[in-house]
Amino acid sequence: MSDSTAIPSTTPPPSIDEDTLARAILTFCIDSADALLFATIKGAGDAITALSLIADEKDGTRNRNRLDEVFATGTAKWGRKVNARGMGSFHHGLERWRERLHQLPSSDKTALKDFFTVNGSQWIIGPTSPYWPAQLDDLSIRKDWASPLCLWGIGNPAALVSCPQPLAVVGSRGADDYGRYVARTVAKKAAEQGHLVVSGGAFGIDAAAHWGALDAMSGLGENESGRTVAVFAGGLNHIGPERNTPLFDRIKTYGGALISELCPNTIPEARRFLLRNRIIAALASTVVVAQARSRSGALNTANWAAELGREVYAAPGNINVPGNTGCNWLIRDHRAIILTSVNSVNEICHQGHAPKVLHIDEPTITPTNNETDENQAAKPISRLSTSTRKENHGFIDQPQRQPDDSNTNRTGAALQVPLPSSTETSRSGQGNAAMGQSSSGQHISQSPASKTKPTVVQQEVLTAIRRCRRQGNAATHEAILTMLNTPRPTGKRQSSMQNPANTTTQEATSWSISKLESELGEMELRGLIALKSGTVQIVINNRRKADNP
């Protein structure tokens, strides 16, 4: 990308109104999309009122009855009827939300804004913002899932509304040259027509799509080229993989954005990737699956897109290549339209247009000299399960007609934050430390590994890393792969004088480099490992372990 390229201006961080702050606080109370809380806000009429009711623990039975009424009303507006099991789930959720409120670092609104924006390094928008992508509200059509309460972001928030019908390009992390070519070319052609390109920021197809959009920016400049937005499954201080950092920097520099529905410090656990996929699908008008294995998370995104009424296209591939299985299945089962060309995006996108860019006293951004290409990035990381379902909390009894609440006041009354003070928070036994802050208010990072348990397969990789260290070898990817494919003794050690025939060994697992890269990428995102100077190190308790035997 040439340094002579016209660099788009960025929009100043949007101000945080009281409704958005209330939504950020309520998001802190949950750990993922929560239909119970969404129904409560819907019944209360706005997030400020819902927060006040949830935080008020002094009024006892009267408050409880009022909350029950609000939840039932919101559920009815959502087209449902509450049953006893659903009300029990709501009461359990209410206890959990209140417990989380006690972990907030302050009741002061200014301090909370600093906390939620990590001292201004991130912005937050809600439905009251001019940058809010209204198509996200379509998620509430799916009755057992909720729209994001708000969005955190880094970069240019105007990118989210720069195109009325964005294009999402998704697929496997373990993509080959064919898949990356499809993703990159489709994204580039779409961005050249002014369309916003959305993906998930991962290796493989995601990265290729983002780089394709950036290629268009390089050729056309800010006035003609569409932007690109990456959606993440955790807090934006946990974006990854680390080896995609140059890509993320380019997205920010060239007028795009990195976004998440989750608070800072939220760890990107595997289940949150599946929830993230619904946002990618909702943001888009058209979803292209460039290449996908049979268990690719991209199939989950395609399912979301179909349920939301989006058009889904899939690129066909060689039937002898496992990486093409998912796309071929989508086409066979009539769940996707066959993508017949990567160059004719007019067939899959709306009419080309100049991107809508807001200029409001915007600072000038200087391009960096570090040229980076997706092809220079490391290889793909993990594939995700295609499971899409989450319990609906048991409050479905029968469908009801949804009342019209289009005139609901979103802003509500002025926000009063009836939350415990910092001293009260300290008495909760968790306090600021649980919030990722020191007692002085300085931001510190939590250890993802402290809340993440490795899978059986990941334990195998960790064992191979330790074996490398025990043998005095650097834990490079090649060395780890050798260890994984080398049988190791499972019985007791025997001296050389003993009969070798009595020694039992474990049969070697067949590992490929792509499988290893998949697991290492997933483990890096989960905070189980870190990369330093080409070697893999195990992370424990916020420190990189020396991997002693």
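Me: What makes strand E7, residues 286–291, count as mostly covered in this model?

Reply: The count of buried residues does it: six of the six residues in E7 are buried. Buried here means under 20% relative accessible area. Keep in mind that this is a predicted model.

Me: How do you know that E3 and E7 pair, and in which sense do they run?

Reply: Pairing takes at least two bridges between the strands. E3 (residues 167–171) and E7 have five bridges, in the parallel sense, so they meet that cut-off. For a spot to look at, Val169 stands opposite Val288 in E7.

Me: What makes E7 and E8 a pair too?

Reply: Again at least two bridges are needed, and four join E7 to E8 (residues 311–314), with the strands parallel. Thr286 has Glu311 in E8 as its bridge partner, while Val287 stands opposite Val312.

Me: What is the handedness of the unit that E7, helix H11 and E8 make?

Reply: It's a right-handed β-α-β unit, with H11 covering residues 297–307.

Me: Why is Ser296 called buried?

Reply: Because its relative accessibility is 2%, and the cut-off is under 20%. Ser296 is found in the loop between E7 and H11.

Me: What makes the Ser296 and Ser172 side chains a polar contact?

Reply: The distance is 3.4 Å, and the limit for such N or O pairs is within 3.5 Å, so the pair qualifies.

Me: How do you know that E8 and E9 pair, and where does the chain go between them?

Reply: Two bridges join E8 to E9 (residues 337–338), and the strands run parallel. The rule asks for at least two, so this pair passes.

Me: Which residues of helix H9 are buried, and what do they pack against?

Reply: In H9 (residues 245–253) they are Leu247, Phe248, Arg250, Ile251 and Thr253. They pack against helix H8 (205–220), strand E5 (228–231) and strand E6 (257–260). As for the spacing, residues three or four places apart on an α-helix point the same way, because there are 3.6 residues a turn. Just after H9, Gly255 takes a positive phi of about 85°.

Me: What share of the chain's contacts joins residues at least 24 apart in sequence?

Reply: It's 80%, counted among contacts between residues at least 6 apart. The chain has 17 helices and 12 strands, and 55% of its 549 residues are buried. Its accessible surface comes to about 23,400 Å², with 47% of that belonging to carbon and sulfur atoms.

Me: How confident is the predictor in the chain, and where does pLDDT fall below 50?

Reply: The mean pLDDT is 77, and 71% of the residues reach 70 or more. Over residues 360–413 the value is below 50, yet this stretch has 157 contacts in the model beyond near neighbours in sequence. Residues 542–549 also stay under 50, with 21 contacts beyond four places in sequence.

How values were computed: Residues are numbered from 1 along each chain as its sequence is written. Side-chain values use heavy atoms; hydrogens and water are left out. Buried means under 20% relative accessible area, exposed over 50%, partly exposed in between (1.4 Å probe, protein chains only). A crossover is right-handed if, with the strands pointing away from the viewer, the path from the first strand over the helix to the second runs clockwise. A polar contact is a pair of N or O atoms within 3.5 Å; within protein, one must be able to donate a hydrogen and the other to accept it, and residues adjacent in sequence count only if both atoms are side-chain atoms. Contact means heavy atoms within 4.5 Å. Accessible areas come from the Shrake-Rupley method with a 1.4 Å probe; for residues, only the protein chains shown count as cover. pLDDT is the predictor's confidence in each residue, from 0 to 100.
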